Amino acid sequence: MSIITKEYMTEKFENVFGQAPDVISKSPGRINIIGEHTDYNDGFVLPAAIDKYSYVAAGKRSDDEIHLFSELYQEELHFKLTEIQPQGHSWVNYILGVVHHIQHKGFQLGGFNMFIDGDVPLGAGVSSSASLECAVGIALDKMFGLGLSQWDITTIAQSAEHSFAGVKCGIMDQFASVFSKENKVARLDCRSLEFKYFPLELGEYTLLLLNTNVKHSLASSAYNERREACEKAVEIIQKDFKDVKSLRDVNGLMLREYLYFDYPELHVKANYVYEENQRVEAVCEALEKGNLERAGQLIYQSHEGLRDAYEVSCAELDFLVDEVKQYPEVLGARMMGGGFGGCTLNLVKKSFVPELIAKIKPAYESQFGLELTSIEVVPSEGGHIL
């Protein structure tokens with residue numbers, strides 16, 4: 001794919017709509033360094049934006065229609081502002097949902113044309129949908145002078161994902177797309193929404209995503225089962241500890257006393273969440289000290305927890321993590337995202353990346369008969385107007 005620039009977006013918009021755009025925005029996909037399945041337990045996550053973006057060019061119309069064109073799908077669709085509804089499983093839901101929730105908050109929008117493009121990989125677990133929703137929010141806010149805050153754009157985008165795309169995601173993806181800073185990670189408290197930036201100074205190392213190119217059908221049912229297990233564990237402990245509202249509030253002693261003997265399966269799942277929250281804190285400390293080796297060890301530990309205790313990994317992900325362990329140039333690796341497919345995140349020496357891919361790609365492809373794709377990512381700035 002060619003590099004997407006302001007000039008490219010302007011030209012494409014003019015070709016489709018015969019006018020110049022009023023505004024062009026971009027918003028990034030994201031990775032999560034550590035803190036998996038902690039978000040819906042009111043815990044901590046550690047996301048960073050990546051240098052892959054959704055781009056939106058928009059221009060006002062004189063009527064109350066919105067005309068949307070997707071470069072990826074080569075499709076133009078038209079809607080009336082007064083008749084915005086979800087459209088099956090279509091790409092337009094990410095845009096229509098944002099429009100609906102902006103209007104629902106009482107803001108006035110006029111008709112507009114919009115051209116959409118981007119280079120965020122789809123289906124790789126790097127939140128292409130959140131990046132598009134946030135890019136749309138940022139563009140409409142600027143074009144219509146709405147005065148939305150960064151949190152407004154974040155929550156509007158999350159609401160769009162819930163009600164129009166039908167995915168009950170936490171706040172992390174949209175937060176990362178809007179709030180991220182270059183060469184930093186943000187530790188987000190998923191309960192209070194307080195956040196703090198930590199340095200991600202990688203020096204001779206880089207972050208490499210290895211995409212299994214698989215998504216097992218278990219993903220959504222297992223996700224719901226894990227949520228239920230966590231809620232059940234909280235219910236049991238709550239009977240004696242009224243101030244325990246989520247797994248965020250428990251300690252190891254409570255888990256042992258209330259779950260270990262009577263509910264061993266719940267203990268294993270809840271204890272993973274408890275330990276993962278501690279790993280987030282430990283990685284932040286390691287990054288502040290510039291100790292990448294320690295951060296890498298914790299990332300490996302996170303994968304072991306997701307594989308053995310939380311049981312949301314799969315053979316393809318485990319293979320990739322196990323394979324890289326033999327190379328001292330790789331400091332850490334883990335599955336990233338909900339599980340049962342998607343990418344592994346690898347902290348690897350920059351100079352070793354070509355050699356690693358040359359070794360691991362044929363091994364993976366012969367084992368699973370699937371293509372292995374790699375994406376090198378750079379921690380980048382959140383969404384903004386070009």
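Modeller: A residue counts as exposed when its relative accessible area is over 50%. Leu122 has 52% relative accessibility, so Leu122 counts as exposed. This is a predicted model. Leu122 sits in the loop between strand E6 (112-118) and helix H3 (128-143). Together with Leu72 and Tyr73, Leu122 makes up a nonpolar patch on the surface. The accessible area of these residues together is about 340 Å².

Now the charged pairs. Side chains of opposite charge can pair when their charged atoms come close. The count of salt bridges here is 20.

One of them joins Glu65 and Lys80, with the closest N and O atoms 3.8 Å apart. This pair links distant parts of the chain: Glu65 belongs to strand E4 (residues 65-70) and Lys80 to strand E5 (residues 75-80), 15 residues apart. Glu65 is partly exposed at 24% relative accessible area. Lys80 is partly exposed too, at 34%.

Asp51 and Lys52 also meet through their side chains, at 3.9 Å from N to O. Buried means under 20% relative accessible area. Lys52 has 17%, so Lys52 is buried. Asp51 has 27% and is partly exposed.

Arg307 and Asp308 form another salt bridge, at 2.7 Å from N to O. Arg307 is partly exposed at 24% relative accessibility. Asp308 is partly exposed at 49%. Elsewhere, salt bridges with shared partners tie Asp42, Arg191 and Asp249 into one network.

Technical notes:
Residues are numbered from 1 along each chain as its sequence is written. This is a predicted model: local features need pLDDT of at least 70, side-chain atom pairs count only at pLDDT 80 or more; totals for chains, interfaces and linings use all residues. Side-chain values use heavy atoms; hydrogens and water are left out. Patches are made of residues with over 30% relative accessible area and no salt bridge: like charges are joined within 9 Å, nonpolar side chains (Val, Leu, Ile, Met, Phe, Trp, Tyr) within 5 Å. Accessible areas come from the Shrake-Rupley method with a 1.4 Å probe; for residues, only the protein chains shown count as cover. A salt bridge is a side-chain nitrogen of Lys or Arg within 4 Å of a carboxyl oxygen of Asp or Glu. Helices (H or I, at least four residues) and strands (E, at least two) are DSSP runs, numbered from the N terminus. Buried means under 20% relative accessible area, exposed over 50%, partly exposed in between (1.4 Å probe, protein chains only).
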